[in-house]
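Here's a friendly tour of one protein chain. Have the picture open while you read, and hop between the text and the model as you go.

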Amino acid sequence: MERLAGAGEEVLERIASIAAAERVVGTLGTLKERVDELQKSVRTIDRLEKRLSAIEWRLTKLEGKASTSSRKTSSSGSKKKKTATRKRSAAS
């Protein structure tokens, strides 16, 4: 009886280790699929970052033109305001 119980325990241990090994192999297969999906996502992010950089560059270029023309307009407008303010102060 003792031998039979010992052999039964060994068989159960082997079955448990085989089941655990199968789970590990299954998990590794799933992990490979997940890593592949992650790589695809990263490639997409890289493309989006390149597009965003190009758009930011264009925006900076456009803002540079807009701020140059607005500086000319605002600086001449502010000179008129300063002169008008000085005249009012002198009249008071």
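## The big picture

First, a heads-up: what you're looking at is a predicted model. The protein chain has 92 residues, and its secondary structure comes to 1 helix and 0 strands. That one is helix 1, covering residues 2-91.

So how much of the chain is tucked away? Of the 92 residues, 0% count as buried, where buried means under 20% relative accessible area. Altogether the chain exposes about 8,900 Å². Carbon and sulfur atoms supply 60% of that area.

## Charged partners along the helix

Side chains of opposite charge can pair when their charged atoms come close. How many salt bridges does this model have? The count comes to 2.

One of them joins Arg-14 to Glu-10, with the closest N and O atoms 4.0 Å apart. These two sit 4 residues apart in helix 1, so about one helical turn separates them. Arg-14 has 56% relative accessibility, which makes it exposed because the cut-off is over 50%. Glu-10, at 45%, is partly exposed.

Another salt bridge links Asp-36 and Lys-32, and here the closest N and O atoms are 3.3 Å apart. Asp-36 counts as partly exposed at 30% relative accessibility, while Lys-32 counts as exposed at 55%.

## A positive patch

Now look for Lys-40, Arg-43, Arg-47 and Lys-50. They gather on the surface in a patch of positive charge. Lys-40, one of the four, has its place in helix 1.

Is Lys-40 buried or exposed? With 55% relative accessibility, Lys-40 counts as exposed.

## A nonpolar patch

Which residues form the nonpolar patch? They are Val-24, Leu-28, Leu-31 and Val-35, and together they have about 350 Å² of accessible area.

Val-24 has a relative accessible area of 48%, so it counts as partly exposed.

## Putting it together

To recap, the chain has 1 helix and 0 strands, with 2 salt bridges. Its surface carries a patch of positive charge that includes Lys-40 and a nonpolar patch that includes Val-24.

Notes:
Residues are numbered from 1 along each chain as its sequence is written. This is a predicted model: local features need pLDDT of at least 70, side-chain atom pairs count only at pLDDT 80 or more; totals for chains, interfaces and linings use all residues. Side-chain values use heavy atoms; hydrogens and water are left out. Patches are made of residues with over 30% relative accessible area and no salt bridge: like charges are joined within 9 Å, nonpolar side chains (Val, Leu, Ile, Met, Phe, Trp, Tyr) within 5 Å. Accessible areas come from the Shrake-Rupley method with a 1.4 Å probe; for residues, only the protein chains shown count as cover. A salt bridge is a side-chain nitrogen of Lys or Arg within 4 Å of a carboxyl oxygen of Asp or Glu. Lys and Arg count as positive and Asp and Glu as negative; His and the chain ends are not counted. The place of a charge is taken as NZ of Lys, CZ of Arg, CG of Asp or CD of Glu. Buried means under 20% relative accessible area, exposed over 50%, partly exposed in between (1.4 Å probe, protein chains only).
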